[in-house]
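Hi,

Here's the structure I promised to pass on.

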Amino acid sequence: MNVIDPSSSQPKWTRKPEARPDEVLEAALDVFAVNGFAATRMDDIAKAAGLSKAAIYLYFPSKDDVFKALVEQRIGVLQAHFDTAAKDQKSDPIAGLRLVARMWATSFHDLRVAALPRIILAEALRFPDLAEFYHRTVIERTQGALVELIQAGIDAGLFRQVEPLLAARALVSPLVFEILRRQAFPAHNVGQPMEVLVEAIFDLFLNGIAAVPSQHVAGVKP
């Protein structure tokens with residue numbers, strides 16, 4: 001694993017002090033993306049941010065707090081959009097599900113952000129409290145938005161009587177796998193836009209839960 005050498009880092013932030021928490025998080029994202037969670041030290045984050053370690057502790061009491069703040073800043077903020085989509089699109093659950101799927105996938109175009117779920121999956125057993133925080137902050141809220149839309153589709157007669165939570169996981173799982181695959185094998189992503197794959201996954205998902213699979217479902221290619 002390539003580990004960032006903090007001794008080689010140069011101060012990269014010159015903004016006003018009130019902007020420093022965001023600058024610390026930006027630097028921490030770079031370090032976590034390369035080193036993972038366990039191998040990252042607060043000294044590494046401080047060097048990458050161009051601050052002293054004591055200055056980092058003014059904003060974040062621990063490395064756990066830095067990581068949690070990153071999750072809330074970069075991924076957790078998406079949950080508000082998912083919640084809005086779930087509420088606004090209940091009259092058209094297919095459009096709502098497509099919107100959430102697209103938002104979820106495109107939010108991880110930045111491979112540094114995509115490193116956050118990868119780190120959780122790789123290090124959850126070593127850091128159960130951090131894993132539980134991620135599950136509560138990201139996974140449960142994302143599933144909740146999808147469950148609302150799937151249930152709306154069932155109530156409208158668009159979808160079969162499936163278990164909404166299991167169906168939500170069935171939609172998200174291939175998206176997560178593709179995000180991780182693209183990080184692991186970047187040389188094999190040529191000619192495979194994420195948007196195209198999202199549509200393929202969504203098409204298979206909708207045809208799988210359609211109330212009458214043999215008939216065309218609105219918004220799904222026959």
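Below is what turned up on charged residues.

First, this is a predicted model: local features need pLDDT of at least 70, side-chain atom pairs count only at pLDDT 80 or more, and totals for chains, interfaces and linings use all residues. Residues are numbered from 1 along each chain as its sequence is written, and side-chain values use heavy atoms, with hydrogens and water left out.

Let's start with salt bridges (a side-chain nitrogen of Lys or Arg within 4 Å of a carboxyl oxygen of Asp or Glu). The count comes to eleven. One of them pairs Glu148 with Lys90, with the closest N and O atoms 3.2 Å apart. That pair links distant parts of the chain: Glu148 sits in helix 7, Lys90 in the loop between helix 4 and helix 5 (93–106), and they are 58 residues apart. (Helices are DSSP runs of H or I, at least four residues, numbered from the N terminus.)

Arg102 and Glu199 also form a salt bridge, at 2.8 Å between the closest N and O atoms. Here Arg102 belongs to helix 5 and Glu199 to helix 9 (residues 194–209), 97 residues apart.

Now look at Glu178 and Arg181, whose closest N and O atoms are 2.7 Å apart in their salt bridge. They are separated by about one helical turn because they lie three residues apart in helix 8 (residues 164–184). Both Glu178 and Arg181 are buried, meaning under 20% relative accessible area (1.4 Å probe, protein chains only).

Elsewhere, salt bridges with shared partners join Glu26, Asp30, Arg74 and Arg112 into one network.

Cheers

Note on methods. Helices (H or I, at least four residues) and strands (E, at least two) are DSSP runs, numbered from the N terminus. Buried means under 20% relative accessible area, exposed over 50%, partly exposed in between (1.4 Å probe, protein chains only).
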